[in-house]
Every structure is written in structure tokens, then in C-alpha cells.
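Work through the exercises below with the structure open. Each task is followed by a solution in steps.

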Amino acid sequence: MKTHVFFVDKNVDDLNSCPQITQAASYLQRGDLVAFPTETVYGLGANAMSTAAVENIFIAKGRPSDNPLIVHIATTEQLYDIVCDIPPVAYTLMEHFWPGPLTLVLPKKEAVSPRVTAGLNTVAVRMPNHPIALALIKASGLPIAAPSANRSGRPSPTTAKHVLDDLDGRIAAVVDGGQTGVGVESTVIDCTTAIPTILRPGGVTKEDIERVIGVVNIDRALVEKEAVPKSPGMKYTHYAPKAPLVVVHGSSVFLQQLVNEKRADGFKVGVLTTEEGRHTYEADVVISCGQRHDLRTVAKKLYDALRTFDTTNVDIIYSESFPYEGIGVAIMNRLLKAAGHEQMMEK
């Protein structure tokens with residue numbers, strides 16, 4: 001299968017009449033897979049009401065079958081087609097954060113394909129804040145199930161090139177709308193619990209949410225290694241580059257010592273740092289993923305940096321760690337998953 005690429009300028013005045021959007025939407029309507037940009041990462045879309053279409057997502061990605069998908073919508077009316085018994089707190093969150101990088105877990109209706117929910121009685125749904133995504137969903141007339149458009153386990157794609165690197169020939173089309181903005185996936189919050197529970201940190205921070213609805217819980221699986229994840233997909237390693245990744249907690253001197261030891265043993269070593277630390281380290285490859293004083297830039301560039309290491313043939317990557325606050329929580333969540341939770345602590 002040839003993967004068609006549709007180039008679309010997100011700043012076009014009327015995306016709803018854009019022929020590339022219309023063509024891509026027709027692919028979704030006939031059950032094909034289409035990758036498209038959101039404000040977080042590129043998603044791999046399929047008709048959420050069609051089990052056959054959704055099954056193709058799992059095949060193309062090599063995704064475990066017990067890993068649920070997020071459904072993307074463009075209007076509130078679409079929400080009522082797929083969920084029921086919406087609690088008041090969910091409406092409050094929608095009012096403040098939709099469209100945007102916040103996914104709500106709500107009781108599902110039977111119309112949603114069971115392959116989307118991995119057998120759960122809830123469905124994760126969000127309204128993306130990207131003009132191309134919204135135009136495509138509207139043009140298709142469908143709720144769109146869309147995980148990140150990459151091979152399972154790989155760093156998520158923030159450009160159409162990343163999508164093609166992983167899925168060229170496996171999907172019908174990709175809508176190329178340039179680089180995404182936020183860079184890490186949406187925050188997922190379960191609204192079916194007495195106190196809403198964050199299942200995945202992301203583009204909307206815990207602090208942002210608590211300013212709107214008060215105290216929220218954090219799923220134990222995010223902070224306790226032995227806890228059983230509430231959502232099956234939370235147990236898998238994601239975002240990993242080809243070389244082993246180790247997250248280093250400590251000083252730059254300690255990280256450099258680790259680099260020196262590996263290089264002395266004949267290994268080619270990479271370092272993932274920020275602009276502030278780019279000239280601090282002596283290693284075979286040093287890549288910056290943004291500015292430490294502005295962690296939003298790190299979130300935006302993190303996956304691209306991890307993918308860049310794949311072009312360097314390094315044997316191991318050491319990454320600096322980041323503060324567990326604000327968007328830093330999401331950054332560390334992704335880094336530790338990419339590292340398979342391999343960490344080094346300075347004593």
C-alpha cells in the first residue's frame with residue numbers, strides 16, 4: 001500500500017473546504033487509516049464506530065490488544081453519541097480545557113467499538129485544539145479513534161516525517177500539517193471516580209486542573225512501581241529510542257563520570273540535555289531537547305531528540321532529569337517509560 005501525503009497549511013482561512021481534508025476524510029469514511037496532526041502529537045485515526053477499522057490501528061502499530069484508544073471529536077454533539085452519564089465535573093473540565101490536550105474518561109455507550117475500549121466500560125475522549133484535526137473530524141462526520149501515529153513502543157511522532165519513518169506503507173494517508181505544538185500527549189483524567197484521577201500526565205498540568213475543580217488524585221501506578229495500572233495500556237514501555245536510555249538524577253559531574261566510564265569500555269555514548277547544558281558534556285553525541293528554564297520547550301522537542309539519537313548509532317544514552325512540577329511531570333513520565341525505568345542516582 002502506498003501512503004499518500006496531503007500537505008495542508010493550518011493557517012488556511014477555510015479548512016472545511018480544503019480538498020486535501022475532504023480526500024483524507026473520505027479515506028476515514030471507507031475504513032482506512034489516516035494520520036493527522038493534533039496540538040500534542042500526530043494521531044493515527046480510524047472510525048471509532050467500526051471494529052474492522054479500529055483493528056487496523058492495532059495491526060499497523062503492532063499495538064497490544066489490551067491497550068485502549070482515545071476517541072477524538074470535533075463537536076459536543078459527537079460526545080453524546082459515545083458517552084453517557086456525564087458527571088458535572090466533566091462539564092466543568094470541558095468548559096475550561098476543550099478544545100485542548102485533556103482527555104476525559106467517561107462511561108461509554110455501546111455504539112463505540114469494543115476494540116477502542118479494550119473491554120472496559122469506559123471510553124477516553126478529547127477534543128483536540130488543532131485546526132486540521134478539527135476540520136478532518138468534522139469532514140468525516142465520525143468520532144475518530146487515534147493513538148499516536150508510530151510503531152508501538154517508539155517515540156511519538158511530532159512531524160509527518162516521523163509518521164512515515166514508522167508507518168509508510170502501513171496506512172492509507174498522512175495529513176502533513178507541520179510540527180506539532182505541545183509535543184507530549186494529552187493528560188488523561190478519569191471522571192468516573194469520586195475524586196477525579198489523573199491516569200497520565202500531559203499537556204494540561206495537575207496544577208491547571210486543580211485550579212478549576214479542586215483536588216484530584218494521581219493513579220497509584222504513576223508513582224508506585226508495583227501498583228496495578230487502572231488502564232491496561234499504562235503498563236507498557238513507550239517512547240523508546242533504539243539505544244538503551246538511562247535517566248540520571250544528579251549533577252552534571254556525575255553524569256559526565258558515567259559517560260567517561262562507558263567510553264573507556266569502548267561504548268559510543270549519547271547525552272540528552274538542554275540548551276543550557278549542551279556545551280557541558282564531552283560525549284560522542286550531545287543533543288539538546290529545549291531550554292531548562294522553559295520546560296514547555298523540552299516537552300515540544302523531546303520525542304524529536306529521542307528519534308535523532310536513532311540516526312547516530314550510539315550504544316547508550318544518558319539523559320538529564322527534570323523537576324517533577326508542572327509540565328515536568330509529563331516529561332519525566334515519558335523519559336522514564338522510554339528508559340524502561342532505568343535510572344542512576346548520585347549518592
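**Exercise 1. Describe how helix H11 passes helix H12 and which residues make the contact.**

Solution. The crossing of H11 past H12 is left-handed. This is a predicted model. The axes of H11 (residues 295-309) and H12 (residues 328-338) come within 9 Å and cross at roughly 20 degrees. Angles under 35 degrees count as roughly parallel, so H11 is roughly parallel to H12. On the H11 side, the contact is made by Leu295, Val298, Ala299, Leu302, Tyr303 and Leu306. H12 contributes Gly328, Ile331, Arg334, Leu335 and Ala338.

**Exercise 2. Determine which residues of helix H4 are buried and how they are arranged around its axis.**

Solution. H4 spans residues 88-97, and its buried residues are Ala90, Leu93, Met94 and Phe97. Viewed down the helix axis, these fall within an arc of 100 degrees, so they line one face of H4. In general, an α-helix has 3.6 residues a turn, so residues three or four places apart point the same way. Pro88 and Glu95, on the other side of H4, are exposed. The cover over the buried residues includes helices H3 (76-82) and H8 (206-213), together with strands S5 (102-107) and S9 (187-190).

**Exercise 3. Give the strand order of the open sheet and identify its edges.**

Solution. The sheet has 11 strands with mixed pairing, in the order S1-S8-S2-S3-S7-S4-S6-S5-S9-S10-S11. S1 (4-7) and S11 (217-218) stand at the edges with a single partner strand each, so one side of each has no neighbour in the sheet. Within the sheet, S4 (residues 70-72) and S7 (residues 144-145) pair in the antiparallel sense over two bridges. His72 has Ile144 of S7 as its bridge partner. Helix H2 (residues 51-61) packs on the sheet, touching S3 (42-47) and S7. The direction of H2 makes about 145 degrees with that of S3.

Notes: Residues numbered from 1 in each chain as written. Predicted model: local features only at pLDDT ≥ 70, side-chain atom pairs only at ≥ 80, totals over all residues. Heavy atoms only, no water. Buried < 20%, exposed > 50% of the residue type's maximum accessible area, 1.4 Å probe, protein only. Helix = DSSP H or I, 4+ residues; strand = E, 2+ residues; numbered from the N terminus. Arc of directions from axis to C-beta. Contact = heavy atoms within 4.5 Å. Pairing = 2+ DSSP bridges. Axes fitted to C-alpha atoms, helices over the stretch in contact; angles between N-to-C directions. Parallel < 35°, antiparallel > 145°, perpendicular 65-115°, else oblique. Left-handed = near helix turned anticlockwise from the far one by under 90°.
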